[in-house]
Structure formats: C-alpha cells, structure tokens
Amino acid sequence: MNRRFFARTGVWLVLMTLFAFAQAGCSKEEDPPMMELSQPAMEFGDWEAASQPLSVTTNSGWTASVDAENSDWCRLSISRGRGSRQIDIMVGESNDNRIRSAVVTFKTTGRNSVTRTVLVTQQGENIYGE
C-alpha cells in the first residue's frame with residue numbers, strides 16, 4: 001500500500017511540475033513587433049538599370065514583396081529576413097518615356113504584424129535626346 005501511495009504521489013508531483021513549467025512558458029510576454037524603413041520612397045532618376053540600398057530595422061522576422069504588376073522591372077535582393085538588415089532595390093532598364101512606379105510592401109511575421117511600404121519610381125527614357 002505504501003508503494004502505491006508513493007507511486008501515485010510521484011506521478012502527481014511530476015504532472016504538477018510539468019504543468020507549472022508549461023504555464024510559466026506561456027505567460028512570457030514578447031515585445032510587440034516594430035519595423036522602420038530608412039526611407040518611404042526611392043527615386044531612380046534615370047531610365048537605366050540601377051540599384052539603391054534600403055535599411056530595414058525590426059525586432060521580428062519579415063517578408064518583402066513588389067506589387068505583382070511591377071515585379072518584372074522592380075526587384076529585391078532578398079525577400080525575407082529576421083531582424084535588421086540592408087537590402088537592395090533594383091530596377092531594370094526602361095524602354096518607355098513615361099515615369100513608372102511600384103510599391104514594395106514589408107510585413108513583419110507572426111501575430112500583430114506591422115506593414116510598411118516604399119514607393120519606387122523610375123524616370124522614363126528620354127527619347128527626345130534632351
């Protein structure tokens with residue numbers, strides 16, 4: 001009888017200890033995600049292919065994407081990361097004389113995500129030679 005009592009008590013102690021650790025792990029509050037970009041807009045003043053750096057400052061994982069209709073001429077050196085880093089936004093050569101623009105969207109991963117955008121514009125080719 002003594003062995004059964006100690007066995008049951010031991011099992012309950014182990015279960016209660018595991019439960020306590022599980023609760024302690026769940027109650028930890030994480031810092032809310034934050035994200036800052038070094039600039040809200042980027043202008044490429046020439047029709048030629050070029051790239052410019054952009055700094056992403058965050059305490060979270062993140063993704064980046066170019067709006068679908070402009071992803072053929074505006075590209076990113078990387079499209080996801082964790083923490084702060086610098087990426088390059090690259091534009092291809094423009095064969096048009098009109099200004100074109102794209103929106104690059106950055107979003108933190110996880111709950112309570114934060115979204116930031118960068119407007120990218122590129123001048124058109126000067127077909128008049130001016």
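Colleague: In what order do the elements of the chain run from the N terminus on?
Modeller: From the N terminus on, the order is α-β-β-β-β-β-β-β-β-β. That comes to one helix and nine strands. Helices (H or I, at least four residues) and strands (E, at least two) are DSSP runs, numbered from the N terminus.

Colleague: What should I know about the model itself?
Modeller: This is a predicted model, in which local features need pLDDT of at least 70 and side-chain atom pairs count only at pLDDT 80 or more, while totals for chains, interfaces and linings use all residues. Residues are numbered from 1 along each chain as its sequence is written, and side-chain values use heavy atoms, with hydrogens and water left out.

Colleague: What share of the residues counts as buried?
Modeller: Of the 130 residues of the chain, 26% are buried. Buried means under 20% relative accessible area, exposed over 50%, and partly exposed in between, with a 1.4 Å probe and protein chains only. The chain exposes about 9400 Å², of which carbon and sulfur atoms supply 52%. Such areas come from the Shrake-Rupley method with a 1.4 Å probe; for residues, only the protein chains shown count as cover.

Colleague: Which residues touch the most other members of the largest nonpolar core?
Modeller: They are Leu54, Cys74, Ile89, Val104, Phe106, Val118 and Val120, in a core of 21 residues. Two or more residues each come from β1 (35–37), β2 (41–44), β3 (50–58), β4 (61–66), β5 (74–76), β7 (85–91), β8 (100–108) and β9 (115–122). A nonpolar core is a set of buried Ala, Val, Leu, Ile, Met, Phe, Trp, Tyr and Cys residues joined through side-chain atoms within 4.5 Å.

Colleague: Take Val120, then. What is it in contact with, leaving aside neighbours within four places in sequence?
Modeller: Val120 is in contact with Met42, Phe44, Trp73, Cys74, Ile89, Val91, Arg100, Ser101, Ala102 and Val104. Contact means heavy atoms within 4.5 Å. Across the chain, residues 24 or more positions apart account for 60% of the contacts with a separation of 6 or more.

Colleague: Met42 is in that list. Which residue is its bridge partner in β9?
Modeller: The partner of Met42 in β9 is Val120. Four bridges join β2 to β9, and these strands run parallel. Two strands pair if DSSP finds at least two bridges between them. On β2, Met42 and Phe44 form the covered face, and Ala41 and Glu43 the uncovered one.

Colleague: How many bridges does β8 have with β9?
Modeller: There are eight bridges, in the antiparallel sense. Thr105 stands opposite Thr117 in β9. β8 also pairs with β4 in the antiparallel sense, over five bridges, and Ala64 stands opposite Phe106 there.

Colleague: What lies between β8 and β9?
Modeller: The hairpin has six residues between the strands, and Gly110 in this hairpin takes a positive phi near 90 degrees. Asn112, in the loop between β8 and β9, has a positive phi of about 55 degrees although it is not a glycine. Asn112 is exposed, at 64% relative accessible area.

Colleague: Back to Phe106. Is it buried or exposed?
Modeller: Phe106 is buried, at 0% relative accessibility. The structure holds one aromatic pair, and in it the rings of Trp62 and Phe106 have centres 6.1 Å apart and planes at 50 degrees, so the pair is tilted. The pair links distant parts of the chain, with Trp62 in strand β4 and Phe106 in strand β8, 44 residues apart. Rings of Phe, Tyr and Trp (its six-membered ring) pair if their centres lie within 6.5 Å; planes under 30 degrees apart count as stacked, over 60 as edge-to-face and the rest as tilted. Trp62 is also buried, with a relative accessible area of 1%.

Colleague: Last topic: how many salt bridges are there?
Modeller: The count is one salt bridge, defined as a side-chain nitrogen of Lys or Arg within 4 Å of a carboxyl oxygen of Asp or Glu. Asp96 forms a salt bridge with Arg98, the closest N and O atoms being 2.8 Å apart. Asp96 is partly exposed at 29% relative accessibility, and Arg98 is exposed at 56%.
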